[in-house]
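Subject: Structure for you to look at

Hi there,

Here is the structure I promised to pass on.

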Amino acid sequence: MYKRLEKKIKSRRAVVGIIGMGYVGLPLAVELGREGFKVVGIDIDSGRVSRINSGKSDIDDVADKDLRPLVKKGKISATADFSVLNQVDCVAICVPTPLSKTKDPDVSYILAGVSEVQEYLHPGQLVILESTTYPGTTEELILPMLEETGLEVGKDFFLAFSPERVDPGNEKYTTKNTPRVVGGITPQCTEIAKFFYEQTITRAVPLSSTKSAEMVKLLENTFRSVNIGLVNEVALMCDRLKIDVWEIIDAANTKPFGFMPFYPGPGLGGHCIPIDPHYLSWKLKSLNYYARFIELAGDINSRMPEYVVERINRALNRKKKSLKGSKILVLGVAYKRDIKDLRESPALDVMELLQIAGAEVEYSDPHVPSLGMDDSEMKSVRLTRKILQGSDCVAILTDHSAYDYDFIVRNAQLVMDTRNATKNVKKNREKIVKL
Ligand SMILES: NC(=O)c1ccc[n+]([C@@H]2O[C@H](COP(=O)([O-])OP(=O)(O)OC[C@H]3O[C@@H](n4cnc5c(N)ncnc54)[C@H](O)[C@@H]3O)[C@@H](O)[C@H]2O)c1
């Protein structure tokens with residue numbers, strides 16, 4: 001089975017199925033399609049399926065001009081019909097792994113995807129989970145489901161975990177040139193999964209088990225969450241000490257070793273950093289271990305929106321104004337620069353807190369034309385002189401590169417800058433309050 005699958009992959013006769021065609025699945029499909037593989041994306045979102053089939057991408061990192069030719073050539077197609085798995089040799093599962101309301105892992109999307117794979121599992125198939133999850137998921141949840149079919153792992157089919165590491169909006173490091181880590185249930189599973197990725201991705205690093213590969217991803221994202229938590233706390237300390245935290249970080253960063261800069265901000269966003277560490281702490285709780293760093297960083301990071309609102313309040317008070325009744329213009333609602341993704345964006349929390357305090361809130365974001373807040377819909381306003389002049393405070397929550405910061409500061413009455421986006425603005429700096 002191994003040799004046959006290896007040959008099929010090498011000759012590009014292997015058909016690849018990707019379950020979940022979102023931020024992770026679609027870029028992977030494009031890379032594989034470019035390398036000559038026939039890729040079938042399977043997604044329960046029928047709107048997304050038809051958009052992909054007409055060459056339209058929902059994802060910031062995939063341009064229509066890159067997707068459309070591959071769709072036209074028949075290299076990429078999408079469907080909501082899982083029976084195509086019958087013809088698929090390699091399956092990558094890229095479905096969401098959110099948290100439940102009680103902040104526990106919600107692996108229901110993985111289970112739903114795997115139960116479809118189980119139904120169509122056939123000899124010679126390679127199954128890879130890419131969704132971020134807690135250590136043990138592949139071995140403890142997925143393997144038993146697939147072995148229920150009577151097929152044997154490592155012999156009849158191959159099962160591995162390989163976390164996606166995509167950084168949306170990063171033009172330097174993409175799906176293609178970011179090395180992969182790969183851990184299989186058996187050594188052959190690792191080897192064939194590594195071989196599969198190496199057809200298109202620069203490097204695949206083999207690990208001893210699926211559990212190790214799951215843990216690598218959680219270390220990476222916990223590392224970020226904890227360091228951002230630390231630097232957010234340093235920002236709180238600097239505020240009390242009346243020190244500019246941005247100056248401190250830039251100066252520390254002149255040390256050529258032993259320091260890596262992280263920056264404070266209005267809180268964590270996206271589908272990874274605010275969520276993934278909780279997968280690890282949840283698993284550890286079941287082993288009677290309390291993951292202190294994760295909980296502490298989560299606590300500090302999740303309170304940043306409140307802190308931003310407190311700072312806006314303070315700045316308005318200095319001008320003898322109150323939050324209640326003030327007009328606040330929020331700049332940037334996506335969770336990070338130059339993308340449109342709103343998932344877990346702290347800007348939404350800041351806006352909600354401002355509204356609760358009685359402020360009149362509007363927003364402007366070139367990447368997000370509208371957004372749903374509770375039952376209502378808000379539309380991005382055009383960033384004109386008039387709207388800037390008419391706002392009591394302009395709060396920069398996401399530092400998109402499309403903004404003209406000189407123009408913003410020149411026309412605003414007061415600027416709350418949570419990202420140090422105005423660092424190069426020379427004039428009217430007295431209007432700027434930095435986090
Ligand atoms: N977005 C990122 O930057 C990023 C980076 C690395 C890892 N990840 C991880 O990758 C996984 C996927 O994240 P994403 O950002 O691509 O999510 P996404 O929401 O952008 O895409 C997931 C897709 O899966 C589809 N889907 C849901 N259930 C399905 C099912 N049962 N069958 C078929 N399709 C289904 C959804 O309709 C959606 O199109 C998550 O575990 C995430 O933590 C995400």
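Let me begin with the overall form. The protein has 435 residues, for which a compact globule would have a radius of gyration near 22 Å, and its own value of 24 Å agrees with that. (The radius is taken over C-alpha atoms, and the globule rule is 2.2 Å times the number of residues to the power 0.38.) Please keep in mind that this is a predicted model, in which local features need pLDDT of at least 70 and side-chain atom pairs count only at pLDDT 80 or more, while totals for chains, interfaces and linings use all residues. Residues are numbered from 1 along each chain as its sequence is written, and side-chain values use heavy atoms, with hydrogens and water left out.

Along the principal axes, the C-alpha atoms fill a box of roughly 75 × 50 × 45 Å. The protein has 15 helices and 15 strands; these are DSSP runs numbered from the N terminus, with helices being H or I of at least four residues and strands E of at least two. Of the 435 residues, 53% count as buried, where buried means under 20% relative accessible area, exposed over 50%, and partly exposed in between, with a 1.4 Å probe and protein chains only. The accessible surface comes to about 20,200 Å², and 52% of this belongs to carbon and sulfur atoms. Such areas come from the Shrake-Rupley method with a 1.4 Å probe, and for residues only the protein chains shown count as cover. If you take the contacts (heavy atoms within 4.5 Å) between residues at least 6 apart in sequence, 67% of them join residues at least 24 apart.

Now to the ligand. How many residues surround the ligand? There are 28, and the closest are V24, D43, R48, T97 and T132; a residue is near a molecule if one of its heavy atoms lies within 4 Å of it. By class, this shell has 15 nonpolar, 7 polar and 6 charged residues. In that count, Ala, Val, Leu, Ile, Met, Phe, Trp, Tyr, Cys and Pro are nonpolar, Asp, Glu, Lys and Arg are charged, and the others, Gly among them, are polar. Helix α5 (residues 108–120) gives the largest share of the shell, with 3 residues.

A polar side-chain atom of T97 lies 2.5 Å from an oxygen atom of the ligand. For Y23, a backbone N or O atom is 3.0 Å from a ligand oxygen, and for V95 a backbone N or O atom is 3.4 Å from one. The protein covers 93% of the 830 Å² of accessible area that the ligand has on its own.

Leaving aside neighbours within four places in sequence, D106 is in contact with T97, P98, L99, S100 and Y279. The side chains of D106 and S108 are joined by a polar contact of 2.6 Å, that is, a pair of N or O atoms within 3.5 Å; within protein, one must be able to donate a hydrogen and the other to accept it, and residues adjacent in sequence count only if both atoms are side-chain atoms.

Next, a residue in helix α2 (residues 25–34): E31. Is E31 buried or exposed? E31 is buried, with a relative accessible area of 9%. Not counting residues up to four places away in sequence, E31 touches T175, K176 and T200.

T174 sits in the loop between β6 (158–161) and β7 (180–184) and counts as partly exposed at 29% relative accessibility. T174 and I201 are 27 residues apart in sequence and 9.6 Å apart in space, C-alpha to C-alpha.

Last, some backbone angles. Most residues other than glycine have a negative phi. R12, in the loop between α1 (2–10) and β1 (15–19), has a positive phi near 70 degrees, and at 22% relative accessibility R12 counts as partly exposed. N420 also has a positive phi, of about 55 degrees, although it is not a glycine. N420 lies in the loop between β14 (415–417) and β15 (432–434) and is buried, with a relative accessible area of 8%.

Best wishes
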